[in-house]
Amino acid sequence: MIHKILSALWGFMFLAFAALQYNDPDPLIWFLAYGVITVVSFVYLKYSLPNWALIGLIMIYVITAIMLFPDEFGGVTGIMSDEHPEIEQARESLGLGICA
């Protein structure tokens, strides 16, 4: 039962994450990234999902997060600018890590 409660909480959290992407420079990519996890979380409430599918999804998110992480970590706080794209890359990478 605890898994179902956690899945519902994660589902609503990722739904909120997806909704907050409206002002992102590339909102469709991030809406899709968070939307997939939202759907998976809510589907798990009703159905059991195969382990291979979940592991595959985790691997996609982990690999993408690693590839997106900036070469020079400049933190995640501060104002996004063209001079410091590593801040946005770090934020996006960490968001994918949360999805994983």
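Ser 7 lies in helix 1; helices (H or I, at least four residues) and strands (E, at least two) are DSSP runs, numbered from the N terminus. At 8% relative accessibility, Ser 7 counts as buried, where buried means under 20% relative accessible area, exposed over 50%, and partly exposed in between (1.4 Å probe, protein chains only). Leaving aside residues up to four places away in sequence, Ser 7 touches Ser 41, Tyr 44 and Leu 45. Contact here means heavy atoms within 4.5 Å.

A word on where this comes from: the model is predicted, so local features need pLDDT of at least 70 and side-chain atom pairs count only at pLDDT 80 or more, while totals for chains, interfaces and linings use all residues. Residues are numbered from 1 along each chain as its sequence is written, and side-chain values use heavy atoms, with hydrogens and water left out.

## The whole chain

Stepping back, the protein chain has four helices and zero strands, giving the pattern α-α-α-α along the sequence. Its C-alpha trace spans about 45 × 25 × 25 Å along the principal axes.

Of the 100 residues in the chain, 28% are buried. The accessible surface comes to about 6900 Å², with 72% of that belonging to carbon and sulfur atoms; areas come from the Shrake-Rupley method with a 1.4 Å probe, and for residues only the protein chains shown count as cover. Among contacts with a separation of 6 or more, 55% are between residues 24 or more positions apart.

## Helix 1 against helix 2

Helix 1 (residues 2-19) packs with helix 2 (residues 27-46) at an angle of about 155 degrees, their axes 8 Å apart. That makes helix 1 roughly antiparallel to helix 2. Axes are lines fitted to C-alpha atoms, for helices over the stretch in contact, and angles run from 0 to 180 degrees between N-to-C directions. Angles under 35 degrees count as roughly parallel, over 145 as roughly antiparallel, 65 to 115 as roughly perpendicular, and the rest as oblique.

Helix 1 goes past helix 2 in a left-handed crossing, meaning the near helix is turned anticlockwise from the far one by less than a right angle (clockwise would be right-handed). Residues in this contact include Ser 7, Trp 10 and Phe 14 from helix 1, and Tyr 34, Ser 41 and Leu 45 from helix 2. By class, the contact of helix 1 with helix 2 has 13 nonpolar, six polar and two charged residues. Ala, Val, Leu, Ile, Met, Phe, Trp, Tyr, Cys and Pro count as nonpolar, Asp, Glu, Lys and Arg as charged, and the others, Gly among them, as polar.

## Helix 2 against helix 3

Helix 2 also packs with helix 3 (residues 51-68), again at about 155 degrees, with axes 12 Å apart. The two are therefore roughly antiparallel to each other, and helix 2 passes helix 3 in a left-handed crossing. Trp 30, Ala 33, Val 36, Ile 37 and Val 40 of helix 2 meet Leu 54, Leu 57, Tyr 61 and Leu 68 of helix 3. That contact has nine nonpolar residues, no polar and no charged ones.

Cys 99 sits in helix 4 (residues 85-99) and is buried, with a relative accessible area of 8%. Cys 99 touches Phe 14, Ala 33, Tyr 34, Ile 37 and Tyr 61, not counting residues up to four places away in sequence. Its C-alpha atom is 7.2 Å from that of Tyr 34, 65 residues apart along the chain.

Met 67, in helix 3, counts as exposed at 68% relative accessibility.
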